Amino acid sequence: MPDRCLLVGLGSAGRTHYRSMVRAGLQVDVLDPFVDPPLLLESESRLFRSQESIPSTTKYIYAVIANWAPDHLKSIRSLLSIGIENFIVEKPITSSLEDLR
């Protein structure tokens, strides 16, 4: 069974990450409250509109953060709470050093 990854945000950058991850043989779930479902081309992909809708039994090897830039750090912190420990993050992680404290 391929490793399962979570992609947060399926905008322009997110779609590029999605295609690359699928080509690499990964199973990719998408977390995006705004995406149009027909953009998901792979049958193994699941679309979640909220983090709360992700089954608690789902384990991800990593998450790619490609949502709206001001939400990157918030997304990382939130996903840490459900056990995701590895991230690839579109820049910037945050626009303020204060946010990192």
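Start with the largest pocket, whose lining holds nine nonpolar, seven polar and six charged residues. In these classes, Ala, Val, Leu, Ile, Met, Phe, Trp, Tyr, Cys and Pro are nonpolar, Asp, Glu, Lys and Arg are charged, and the others, including Gly, are polar. A few ground rules before you select anything: the model is predicted, local features need pLDDT of at least 70, side-chain atom pairs count only at pLDDT 80 or more, and totals for chains, interfaces and linings use all residues. Residue numbers run from 1 along each chain as its sequence is written, and side-chain values use heavy atoms, with hydrogens and water left out.

**Stop 1: the pocket**

The largest pocket holds about 410 Å³ of space. To find its centre, select V8, P33, N67, D71 and S75, the closest to that point among the 22 lining residues. A pocket here is an open set of points on a 1 Å grid over the protein atoms alone, where a 1.4 Å probe fits and protein lies on both sides within 12 Å along at least five of seven lines; lining residues have an atom within 4 Å of a point. Grid points are joined across faces, edges and corners, and the volume is the space filled by probe spheres set on them.

Now colour helix α2, residues 72-80: with four residues, α2 gives the most to this lining. Helices (H or I, at least four residues) and strands (E, at least two) are DSSP runs, numbered from the N terminus.

Q51 sits in the loop between β3 and β4 (63-65), and is buried at 17% relative accessible area. Buried means under 20%, exposed over 50%, and partly exposed in between (1.4 Å probe, protein chains only).

**Stop 2: the salt bridges**

A salt bridge is a side-chain nitrogen of Lys or Arg within 4 Å of a carboxyl oxygen of Asp or Glu, and the whole structure has two.

- R4 and D29 pair at 2.5 Å, N to O. They join distant parts of the chain, R4 in strand β1 (4-8) and D29 in strand β2 (27-31), 25 residues apart.
- D29 also pairs with R46, with the closest N and O atoms 2.7 Å apart. R46 lies in the loop between β2 and β3 (47-48), 17 residues from D29.

R46, in contrast, is partly exposed at 28%.

**Stop 3: a buried alanine**

Pick A63 in strand β4, buried at 0% relative accessibility. Then draw a distance to E85: the two C-alpha atoms are 8.3 Å apart, across 22 residues of chain.

**Stop 4: beyond β5**

Finally, move to P92, in the segment after β5. The peptide bond from K91 to P92 is cis, with omega near -5°. Most peptide bonds are trans.

In a surface view, select I93, L97 and L100, a nonpolar patch with about 310 Å² of accessible area together. Patches use residues with over 30% relative accessible area and no salt bridge; nonpolar side chains (Val, Leu, Ile, Met, Phe, Trp, Tyr) are joined within 5 Å, and like charges within 9 Å. Areas come from the Shrake-Rupley method with a 1.4 Å probe, and for residues only the protein chains shown count as cover. L100 lies in the segment after β5 (87-89) and is partly exposed at 48%.
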